[in-house]
Amino acid sequence: MGSKARFTKEILPIILKDRKPGQWYVEPFAGGMNAICEVQGNRIANDIHYHLIQMWRELVGGWIPKKITKEEYSEVRTDQSKYPAYFVGWVGFNCSYSGKWFGGFAGETKTKIGTVRDYQAEAIKNVLKQVSKMKGVIFQNKPYYELELPPNSIVYCDPPYDGTTKYANDFDHNRFWNWVRNISKQGHTVFVSEYNAPADFECVWQKEAKSSLSANGKIGGNKLSVEKLFKFSPTNV
Ligand SMILES: C[S@@+](CC[C@H](N)C(=O)[O-])C[C@H]1O[C@@H](n2cnc3c(N)ncnc32)[C@H](O)[C@@H]1O
């Protein structure tokens, strides 16, 4: 999951600048919920990933996860249908190496300086901290274009990046940008995190950041990328 956690503090004040009391804040690609947990008031968190949304629903409903063993991890991975979806979601993301869906068991490891790093304990602590700020969030589990937006919403999109190897084949970026144009014209205030955007979008914030993905999406070590935030601006062209 591309996590916006590092930039949330900088971009949220821009996104929320003109928010009116009661105005809905909607995230169509909410993933790890790093931004939405820092927002208050009326909120909708959507993601297409079924197990992920079930996991967040359960967590916000009060479920407290426990650490699991490597054996349990393998069992859940191979026999997913035997377990409740929220639990598969938890194991698949939060007990996995770098939060990649069943990307390998994350347990305790010795660091170079001889201390022990307990990845699952860290994940539990971090997620419970997020959850404490997410009471009242409405969860949805749809493709972004099927989402019903309350009138005049603020919509923050953090879609799979254009060109990243992981999703490159199954995300239609042209369709996405057209959808943003359409909902902007309907009166929603829409922001998009991306490296690049079509010419009728204006960059309202940018920052150089170290990323394991280069600006063209290729895996390339710690390359410098420019993270950007865009807004539809038809007068731009
Ligand atoms: C870059 S991540 C979002 C990260 C998020 N901002 C965070 O704080 O962790 C992109 C998310 O888009 C979701 N996604 C991919 N295609 C989608 C679609 N068509 N509709 C809705 N969500 C989709 C993925 O499941 C993934 O969680």
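**Reading burial, strands and the core**

Me: Which residues of helix 4 are buried?

Reply: The buried residues of helix 4 are Tyr-86, Val-88, Gly-89, Trp-90, Val-91, Gly-92, Phe-93 and Asn-94. A residue is called buried if 20 or more other C-beta atoms lie within 10 Å of its own, exposed if 12 or fewer do, and partly exposed in between, with the C-beta atoms placed from the backbone. Helices (H or I, at least four residues) and strands (E, at least two) are DSSP runs, numbered from the N terminus. This is a predicted model, in which local features need pLDDT of at least 70 and side-chain atom pairs count only at pLDDT 80 or more, while totals for chains, interfaces and linings use all residues. Residues are numbered from 1 along each chain as its sequence is written.

Me: What covers the buried residues of helix 4?

Reply: Helix 4 is mostly covered, with eight of its ten residues buried, and what covers those residues includes helix 2 (50-60), helix 3 (70-78) and helix 5 (119-131). In the protein, which has six helices and nine strands, 29% of the 237 residues count as buried.

Me: How should I read a strand, and which residues lie on each side of strand 7?

Reply: In a regular strand the side chains alternate between the two faces of the sheet. In strand 7, Thr-189, Phe-191 and Ser-193 lie on one side and Val-190, Val-192 and Glu-194 on the other, and all of them are buried, so that both faces are covered. Because six of the six residues of strand 7 (residues 189-194) are buried, this strand is largely enclosed by the rest of the structure.

Me: In which sense do strand 6 and strand 7 pair?

Reply: Two strands pair if DSSP finds at least two bridges between them. Strand 6 (residues 154-157) pairs with strand 7 in the parallel sense over four bridges, and Cys-157 stands opposite Val-192 in strand 7.

Me: Which residues touch the most other members of the largest nonpolar core?

Reply: In soluble globular proteins, nonpolar side chains tend to be buried together. A nonpolar core is a set of buried Ala, Val, Leu, Ile, Met, Phe, Trp, Tyr and Cys residues joined through C-beta atoms within 7 Å. The largest one here has 46 residues, of which Ile-36, Cys-157, Val-180 and Val-190 touch the most other members. Domain 1 (8-48 + 142-236) and domain 2 (60-131), whose bounds come from an automatic or database domain assignment, both give residues to this core, so it lies between them. Leaving aside neighbours within four places in sequence, Val-180 is in contact (C-beta atoms, placed from the backbone, within 7 Å) with Cys-157, Val-190, Val-192 and Phe-232.

Me: Is Tyr-195, in its loop, buried or exposed?

Reply: Tyr-195, placed in the loop between strand 7 and strand 8 (201-213), is buried because 20 other C-beta atoms lie within 10 Å.

How values were computed. Two residues are in contact if their C-beta atoms, placed from the backbone, lie within 7 Å.
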